[in-house]
Protein chains: 2
Amino acid sequence: MEISRLEITNWLKQLQNNICVALENEDGLGKFTVDNWEREEGGGGITKILSNGNVIEKGGVLFSAVHGKAPEFLFTQNQHSVLKKIKNNNNLHFFATGVSIVIHPINPMVPIIHMNVRYFELFEENEGEVNIINKWFGGGIDLTPHYIVEEDAKFFHSELKNVCNNHHPSYYSKFKTWADDYFFIKHRNETRGIGGIFFDKLQDDDCLNFKQQFNFWKDVGLAFAPTYVELLKRNKNLSYTEKNKQWQLLRRGRYVEFNLIYDKGTQFGLQSNGRVESILMSLPKFASWEYNYTPEHNSLEEKTLKFLRKEINWV
Amino acid sequence: MEISRLEITNWLKQLQNNICVALENEDGLGKFTVDNWEREEGGGGITKILSNGNVIEKGGVLFSAVHGKAPEFLFTQNQHSVLKKIKNNNNLHFFATGVSIVIHPINPMVPIIHMNVRYFELFEENEGEVNIINKWFGGGIDLTPHYIVEEDAKFFHSELKNVCNNHHPSYYSKFKTWADDYFFIKHRNETRGIGGIFFDKLQDDDCLNFKQQFNFWKDVGLAFAPTYVELLKRNKNLSYTEKNKQWQLLRRGRYVEFNLIYDKGTQFGLQSNGRVESILMSLPKFASWEYNYTPEHNSLEEKTLKFLRKEINWV
């Protein structure tokens, strides 16, 4: 049986709810506010934001399902061969749905986390008749510790490896490398954090068929809550100093640089006239930049910087 | 007589020195640190940074003079017709020099200011012989008050208008409109601040000849110090509240958004392998983002937001 848009969006909304409940439980104080919004050109979303909790300073768990005429920039920026062929098709529409999460904790010993699962359709519409040209899943989870703890990094990557291995033996290695390449701050020559997994445009012609891809993709979404809750439990009660907090703000500055310069979701959102407050919920409450900041020799900050590179095998 | 690169760079270095002295005098505490740096592909610069002064929290006054093979992105992003024609020329080099300034004050009642004056050459080099294909001046000054005070805005624009009027009657109107369009945060549908003047690729074929353009351009650079010092004098001793400070951090968040997403100087710098710490000195020490922040009705913050639009005639 075909997997319908409705089945996918319903599943995503349920995922959003479940994740918010899990995060509220672990935070113990903060509650998500809910904003329902509509997009002028078609579709809308549900933006859930938690501010000033016990553990979470600023976090967003967003659902959206938008559609409309396929925007021009898809054809100039997107390398997908099908898109190029159909560049001059005036009846070309897109449908995009997903859940996106960024959590900025108060305690600098707790890592920032990001997760996104998305589904994209490109279709022609002629006199009410819909002809799907292409459809695919994409997603990813990555972790940005302000201080990299090897044990936590190993745990995080093991969880993602387990999810991948349950579906295809090549996936973890492939998608871990993809994350290393994607979550990379080119102008700093450093990774955003310890990476995770990243994938895009999963289709029948990959290792799994569409239904199997869907199952893999769902398991990625389901892995988020237990994995991050475990990292919160491990670290949320650790003590920290003013110096740790200052370092956290500088690392958040780098997070802002990545999101505003490189993140494709942010670019797609801003260019397709998305809801700015939802797209930029990924930015932290406070961030800092200091000219030429260099950590002390042999400090934990210096150790963390040394880990911010590609091709580290955490598992 | 020809205006040489040496004459231009010497003038810029002198400008940098004079501005730093004027800012240190008005600050009363902070001193500029000096970093001399070299660029692997050719050229270098002098980065002067003032941190944690009495009045200035973080400010940079930068000189650079870089050269090298004309990078590929010049041809894809730059609309200049000459560049397009000579796209396939392997001997094409560029020379770029300028002074760039961004000042972030501590007191939210004092505006952020930005200034840039730059000179660009595109030339062929064959067996040591240099053939200049094109050369031009560019620049701009714009003001970003956290709280817009109409009297100060009028003063600021009057000073710029005077500079322009001394050289050509059409300049202020033309370059003021250009600044409105350039210093615009598209995804927020708001201007960065109250604008100022902006111009690029001034050449013989404009209203003035090259020598006259040079004189105009120098006067723009010279206007910076007295104009900003006057604004510092007017506002640096005003009292402010915690709420004013919070608003300042949010406005600085917008400043970060503009600089990382839209600013062409930042893009040119990062893409041409410029010195990252110098390019990103424009980012504030602290910035903040709050989800869906809306100022109180009839507040000074709301009043400021209403002024953040194009086509306001301040003079």
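## Strand pairing in chain A

In this predicted model, Lys58(A) has His104(A) as its bridge partner in strand E4 of chain A. The neighbouring pair in the account is Gly59(A), whose bridge partner in E4(A) is Ile103(A). These pairs belong to the contact between strand E3 (residues 56-69) and strand E4 (residues 92-105) of chain A. The two strands run antiparallel and are joined by 13 bridges.

Strand E3(A) also pairs with E2(A): nine bridges join them, and again the strands run antiparallel. Within this pairing, Lys48(A) has Val61(A) of E3(A) as its bridge partner. E2(A) and E3(A) form a hairpin with four residues between the strands, and in this hairpin Asn52(A) takes a positive phi near 55 degrees. Eleven of the 14 residues of E3(A) are buried, so the strand is largely enclosed by the rest of the structure.

## The sheet as a whole

The strands described above are part of an open sheet of seven strands in chain A, with the order E1-E2-E3-E4-E5-E6-E9 and antiparallel pairing. Strand E1 (33-38) and strand E9 (195-202) stand at the edges; each has a single partner strand, so one side of each is left without a neighbour in the sheet. From one strand to the next, the twist averages 10 degrees.

A helix also packs on this sheet. Helix H5 (residues 171-182) of chain A touches strand E6 (129-144) and E9 of chain A, and the direction of H5(A) makes about 100 degrees with that of E9(A).

## How the two chains are related

Chain A is superposed on chain B by a rotation of 180 degrees with 0.0 Å of shift along the axis, and the RMSD is 0.0 Å. That is the relation of a two-fold axis. The same surface serves both copies, as 100% of the contact residues of chain A recur in chain B.

Which residue of chain A comes closest to the rotation axis? It is Ala287(A), with its C-alpha at 2.7 Å. Ala287(A) also has a bridge partner across the contact, namely Ala287(B) in E10(B). Three bridges join E10(A) to strand E10 (residues 286-288) of chain B, and these strands run antiparallel.

## The contact between the chains

The contact takes 23 residues from chain A and 23 residues from chain B. On the side of chain A, strand E2 (43-51), helix H7 (242-261), helix H9 (276-279) and strand E10 (286-288) each supply at least two residues. H7(A) gives the most, with four residues. By class, this side of chain A has 14 nonpolar, four polar and five charged residues.

## Core and buried residues

The largest nonpolar core holds 131 residues, and of these Ile197(A) and Ile197(B) touch the most other members. Leaving aside residues up to four places away in sequence, the residues that Ile197(B) touches include Leu160(B), Cys164(B), Tyr172(B) and Phe175(B).

Is Glu159(B) buried or exposed? It has 20 C-beta neighbours inside 10 Å, and a residue with 20 or more counts as buried, so Glu159(B) is buried. Glu159(B) is found in helix H4 (residues 150-165) of chain B. With residues up to four places away in sequence not counted, Glu159(B) touches Ala223(B) and Thr227(B). Glu159(B) and Ile101(B) are 58 residues apart along the chain, and their C-alpha atoms are separated by 18 Å.

Definitions and conventions
Residues numbered from 1 in each chain as written. Chains lettered and ligands numbered in written order. Predicted model: local features only at pLDDT ≥ 70, side-chain atom pairs only at ≥ 80, totals over all residues. Core = buried A, V, L, I, M, F, W, Y, C linked by C-beta atoms within 7 Å. Buried ≥ 20, exposed ≤ 12 C-beta atoms within 10 Å, placed from the backbone. Contact = placed C-beta atoms within 7 Å. Nonpolar A, V, L, I, M, F, W, Y, C, P; charged D, E, K, R; others polar. Pairing = 2+ DSSP bridges. Least-squares fit on C-alpha atoms with pLDDT ≥ 70 in both. Axes fitted to C-alpha atoms, helices over the stretch in contact; angles between N-to-C directions.
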